[in-house]
Amino acid sequence: MGKVYVFDHPLIQHKLTFIRDKSTGTKEFRELVDEVATLMAFEITRDLPLQEVTIETPVETAKSNVLAGKKLGLIPILRAGLGMTDGILQLIPAAKVGHVGLYRDPETLQPVEYYVKLPSDIEERELIVIDPMLATGGSAIEAIQALKKRGAKQIRLMCLIAAPEGVEAVKEAHPDVDIYLAALDEKLNEKGYIIPGLGDAGDRLYGTK
């Protein structure tokens with residue numbers, strides 16, 4: 001069964017408070033999401049494998065560690081996932097970026113795939129699916145399924161805020177996927193919004209209503 005990690009780092013929690021605050025404007029909101037994504041990327045990459053190399057320092061020859069060449073892929077779910085991607089790339093600029101676009105069918109309320117563009121070697125990459133909000137879990141489940149049916153084998157899910165209902169839905173649908181969060185909130189309300197949450201992440205990132 002996939003594990004759920006909630007990052008309690010003080011800097012993440014501090015910045016998340018201002019992300020939640022409704023008085024935070026679009027520019028500051030976008031910058032804060034970017035910064036928290038970078039901090040979360042620092043935590044999510046903690047277990048990347050290392051290999052020893054020999055280098056010349058200004059003083060002598062030394063053995064030191066570098067990343068062992070594990071290929072990473074970032075997969076933001078359009079559109080809100082884009083708001084976290086640059087922050088992660090600040091830390092791991094060599095990662096390839098793919099995109100999954102979903103919309104909600106107005107009659108069935110189920111997510112429908114409309115756009116998928118991925119690195120050609122996704123079966124070799126460890127993929128991080130990115131979406132700020134994990135509410136019902138429908139979009140994340142569909143995005144992960146879209147990756148799996150195209151050959152992806154190693155997938156993690158990274159969100160700012162989740163509701164327990166969404167976490168359980170993803171764990172049930174994709175028990176092999178670990179979930180990384182900045183906060184696990186109380187519940188969903190009757191409209192499917194996370195409580196206390198931060199409102200609509202896409203609208204707040206891009207100034208739309």
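Tutor: A salt bridge is counted when a side-chain nitrogen of Lys or Arg lies within 4 Å of a carboxyl oxygen of Asp or Glu. This is a predicted model, in which local features need pLDDT of at least 70 and side-chain atom pairs count only at pLDDT 80 or more, while totals for chains, interfaces and linings use all residues. Residues are numbered from 1 along each chain as its sequence is written, and side-chain values use heavy atoms, with hydrogens and water left out.

Student: How many salt bridges does the rule give?

Tutor: The count comes to 14 salt bridges. In one of them, the side chains of Glu 113 and Arg 150 meet at 2.9 Å, N to O. Helices (H or I, at least four residues) and strands (E, at least two) are DSSP runs, numbered from the N terminus. In those terms, Glu 113 belongs to strand E7 (residues 111-117), and Arg 150 to the loop between H4 and strand E10 (154-162). The pair links distant parts of the chain, 37 residues apart.

Student: Which residues make the contact of H1 with H2?

Tutor: Contact means heavy atoms within 4.5 Å. From H1 the contributors include Leu 11, Ile 12 and Phe 18, and from H2 they include Phe 29, Leu 32 and Met 40. For classes, Ala, Val, Leu, Ile, Met, Phe, Trp, Tyr, Cys and Pro count as nonpolar, Asp, Glu, Lys and Arg as charged, and the others, Gly among them, as polar. This contact has 11 nonpolar, no polar and two charged residues.

Student: Which hand does the crossing of H2 and H3 have?

Tutor: A crossing is left-handed if the near helix is turned anticlockwise from the far one by less than a right angle, and right-handed if clockwise. The axes of H2 and H3 come within 7 Å and cross at roughly 50°, which makes H2 oblique to H3. Their crossing is right-handed. The residues in contact include Val 33, Asp 34 and Ala 37 of H2 and Gly 83, Met 84 and Asp 86 of H3. By class there are eight nonpolar, four polar and two charged residues.

Student: At what angle do the axes of H4 and H5 cross?

Tutor: Helix H4 (residues 138-148) and helix H5 (residues 164-173) have axes that come within 9 Å and cross at roughly 25°. H4 and H5 are therefore roughly parallel to each other. Ala 140, Ile 141 and Ile 144 of H4 meet Ala 169, Val 170 and Ala 173 of H5. These residues divide into six nonpolar, no polar and no charged.

Student: Where is a cis peptide bond found?

Tutor: Most peptide bonds are trans. Here a cis bond joins Leu 78 and Arg 79, with omega about 5°. Arg 79 sits in the loop between strand E4 (72-78) and helix H3 (82-91). The bond from Ile 195 to Pro 196 is also cis, with omega near -5°.

Definitions and conventions
Axes fitted to C-alpha atoms, helices over the stretch in contact; angles between N-to-C directions. Parallel < 35°, antiparallel > 145°, perpendicular 65-115°, else oblique.
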